[in-house]
Amino acid sequence: MGVSGRSSFACFLTAILLLVSNMQCEAQLSASFYDNSCPNALSTVRTAIRRAVSRERRMAASLIRLHFHDCFVQGCDASLLLDATSSFTGEKNAPGNANSTRGFEVIEDAKSQVEKMCPGVVSCADVLAVAARDASAAVGGPSWTVKLGRRDSTSANQAQASADLPRFTESLDVLIDRFDRKGLSARDLVALSGAHTIGQAQCATFRNRIYNNGSDIDAGFASTRRRRCPATGGNGNLAALDLVTPNSFDNNFFKNLIQKKGLLASDQVLFSGGSTDSIVTEYSRNPSTFSSDFAAAMVKMGDIEPLTGSAGQIRKICSAVN
């Protein structure tokens with residue numbers, strides 16, 4: 001190869017490397033992703049979420065949970081929001097979601113408002129991520145900078161949802177393993193579980209715990225909870241996860257665990273003589289540490305396997321592919 005040939009080949013390699021580099025940069029999530037393409041997107045979502053939470057305080061917990069249950073299945077791709085079709089079974093009816101996940105209409109409303117301004121620009125996955133942050137802030141919880149640029153899945157996976165979503169009966173070791181497989185640490189597990197400082201649970205999810213007279217539950221607490229959760233029937237009856245300040249995002253959830261007043265078995269195992277006891281104790285004493293760790297864990301969770309670049313699509317509505 002002559003000098004000119006080598007020079008041309010070198011230029012060609014440089015161009016390829018630059019192209020690859022640019023593609024990698026494009027694939028990274030960024031807080032400024034919509035600054036030029038839809039500058040009012042985030043404020044529009046925030047207004048919609050504040051309106052929804054002001055109508056029903058419980059909605060804050062539901063929206064945070066939606067983001068969590070989406071990211072744990074196929075990554076943060078809004079697959080949870082899809083209705084079932086003839087080609088795939090939706091995730092909404094998986095055991096961890098059926099009759100418990102809610103707030104879909106709030107995300108759809110926020111998406112429609114953004115769509116009017118910037119058609120085909122902002123993904124449902126990003127709307128959901130921003131909504132979770134704004135829901136937390138709306139009830140006195142932490143805020144954080146949301147990284148953006150996710151795209152939406154064109155399918156859902158009920159089987160994976162059934163396999164990957166944590167269950168309210170699971171042991172600490174199983175929960176730690178589940179989170180580890182998603183790139184989240186035991187500390188992230190405890191911090192994210194702190195979202196149970198708001199929201200409610202159905203009787204069917206805690207009945208066994210309040211009637212088993214075990215040593216890991218305060219007797220008075222169990223007795224109080226039985227009033228709204230009979231031994232048989234009333235499966236859908238609701239009880240606040242935090243009996244003390246059920247509508248405020250604070251660190252009382254961790255104080256409750258230390259007093260053996262965790263409503264769900266999967267919450268109480270975080271303080272049951274295991275490896276996470278020290279983290280629970282730390283959060284019970286330092287609300288600011290919990291808040292900052294929760295925010296960091298939510299950002300980390302939002303990084304789970306996002307679709308970027310040309311993958312997936314930007315859905316026009318969140319419940320169906322284009």
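The second largest cavity has a volume of about 40 Å³. A cavity here is a set of points on a 1 Å grid over the protein atoms alone where a 1.4 Å probe fits but cannot get out, and its volume is the space filled by probe spheres set on points joined across faces, edges and corners. Keep in mind that this is a predicted model, where local features need pLDDT of at least 70, side-chain atom pairs count only at pLDDT 80 or more, and totals for chains, interfaces and linings use all residues. Residues are numbered from 1 along each chain as its sequence is written, and side-chain values use heavy atoms, with hydrogens and water left out.

Back to that cavity. Its lining (residues with an atom within 4 Å of a point) is made up of Tyr34, Ala41, Leu42, Val45, Val122, Asp126, Val127, Val130 and Leu148. Sorted by class, the lining has eight nonpolar residues, no polar ones and one charged. Ala, Val, Leu, Ile, Met, Phe, Trp, Tyr, Cys and Pro count as nonpolar, Asp, Glu, Lys and Arg as charged, and the others, Gly among them, as polar.

In total there are two cavities of 30 Å³ or more. The largest cavity comes to about 80 Å³, and the residues lining it include His67, Trp144, Lys147, Met298 and Asp303. H5 and H14 are the elements giving two or more residues to that lining, which splits into six nonpolar, three polar and three charged residues.

Two of those lining residues also pair up: Asp303 and Lys147 meet in a salt bridge at 2.8 Å, N to O. (A salt bridge is a side-chain nitrogen of Lys or Arg within 4 Å of a carboxyl oxygen of Asp or Glu.) This pair links distant parts of the chain, with Asp303 in the segment after H14 and Lys147 in the loop between H5 and H6, 156 residues apart. Asp303 is partly exposed at 32% relative accessible area, and so is Lys147 at 28%. For reference, buried means under 20%, exposed over 50% and partly exposed in between, using a 1.4 Å probe and protein chains only.

The whole structure holds 15 salt bridges. Another one joins Arg133 to Asp134, with the closest N and O atoms 2.6 Å apart; here Arg133 is buried at 9%, as is Asp134 at 5%.

H3 is mostly covered, with 12 of its 13 residues buried, His67 and His69 among them. The covering elements include H2, H4, H5, H7 and H14, where contact means heavy atoms within 4.5 Å.

H3 also gives the most to the lining of the largest pocket, with six residues. A pocket is an open set of grid points with protein on both sides within 12 Å along at least five of seven lines. This one has a volume of about 1100 Å³. Of the 42 residues lining it, the closest to its centre are Arg65, His69, Gly96, His196 and Leu264. The lining divides into 23 nonpolar, 14 polar and five charged residues.

Methods:
Helix = DSSP H or I, 4+ residues; strand = E, 2+ residues; numbered from the N terminus.
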